[in-house]
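Q: I have a two-chain model open and would like to learn how to read it. Can we go through it feature by feature?

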Amino acid sequence: MKLTINGEKKQVVQESVTVTELLADQGVEMPDTVSVQINGDFLERETFDTRVVRDGDEIDFLYFMGGGSWE
Amino acid sequence: MDMWKSVYEKIIEHAQNDLPLEACGYLGGQDTTVTEAYCLTNIDESGEHFSFDPKEQFAVVRAMRAKKQRAIAVYHSHPQTPARPSKEDIKLAFDPEMIYVIVSLAAATPEVKAFRIVKNEVSEEPLDIIEG
């Protein structure tokens, strides 16, 4: 199936892939550290394991960005 | 990493304008040259912490893509502490591809340094300020 992942068109061999599996394939070791949008809509983290991506989906994921100056 | 002087000046100005809060944002460009700063909202509204607004974060990354840029680095300010990653910075540095820039206002002269943080290991990234 054809997907657009972070703006790049990619061919995925598998017929059925969950968001968690897709993130792992993209090198994301801890899915809890990213926010995901599918076709422009945020996805709840609780659904990463069950949400199956579909042919033509546009998936964007970005790591949480935060920190601080205190020790 | 190279950074246009105009970007260097903009992130220092952002840090100073947002005092006493921490300022934060993305640094976009091509290859390893930062040509544009994108000031984001610190949704923590704190002088000791920062977090990007996810909605704003996605919008800014899409804006960068539209300009054929990529997110080379993120920056945030340390209003009162040196330009080195804090324990919290290290703990929350999840993106192994990202360069983390810190703008310190602790001294009279602002200091800007860049780091890679991969699996809690910190290494300073050479930062050259170039005309632009």
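Q: Which strands of chain B does helix α1 lie across?
A: Helices (H or I, at least four residues) and strands (E, at least two) are DSSP runs, numbered from the N terminus. Contact means that C-beta atoms, placed from the backbone, lie within 7 Å. In chain B, helix α1 (residues 5-17) lies across β1 (2-4), β2, β3 (33-40), β5, β6 (99-104), β7 (111-118) and β9. Helix α1 of chain B runs at about 20° to β3(B). Axes are lines fitted to C-alpha atoms, for helices over the stretch in contact, and angles run from 0 to 180 degrees between N-to-C directions.

Q: What kind of model is this, and how are residues and chains labelled?
A: This is a predicted model: local features need pLDDT of at least 70, side-chain atom pairs count only at pLDDT 80 or more, and totals for chains, interfaces and linings use all residues. Residues are numbered from 1 along each chain as its sequence is written, while chains are lettered from A and ligands numbered from 1 in the order in which they are written.

Q: What are the confidence scores?
A: pLDDT is the predictor's confidence in each residue, from 0 to 100. Chain B averages 97, and 100% of its residues score at least 70. The model has an ipTM of 0.91 and a pTM of 0.94.

Q: In what order do the strands of the eight-stranded sheet of chain B lie?
A: Strands of a sheet pair through backbone hydrogen bonds, either parallel or antiparallel. Two strands count as paired if DSSP finds at least two bridges between them. Here the order is β8-β7-β6-β5-β2-β3-β1-β9 in chain B, an open sheet with mixed pairing. Its edge strands are β8 (121-125) and β9 (128-130) of chain B, each pairing on one side only. From one strand to the next, the twist averages 35°.

Q: How many bridges join β2 and β5 of chain B?
A: Six, between β2 (residues 24-30) and β5 (residues 70-78) of chain B, which run antiparallel.

Q: What is the strand order of the five-stranded sheet in chain A?
A: Read it as β2-β1-β7-β4-β5 of chain A, again open and with mixed pairing. The edges are β2 (8-11) and β5 of chain A. Four bridges join β1 (residues 2-5) of chain A to β2(A) in the antiparallel sense. There, A:Lys2 stands opposite A:Gln11.

Q: Which residues stand opposite A:Gln37?
A: In β7(A), the residue opposite A:Gln37 is A:Asp60. In β5(A), its bridge partner is A:Phe42. β4(A) and β5(A) form a hairpin with two residues between them. A:Asn39, in the turn, has a positive phi of about 50°.

Q: Which strand of chain B pairs with β8(A)?
A: β4 (residues 49-51) of chain B, antiparallel over three bridges. A:Gly68 stands opposite B:His49. Helix α2 of chain B also lies across β4 and β7 of chain A, at about 115° to β7(A).

Notes: Two residues are in contact if their C-beta atoms, placed from the backbone, lie within 7 Å.
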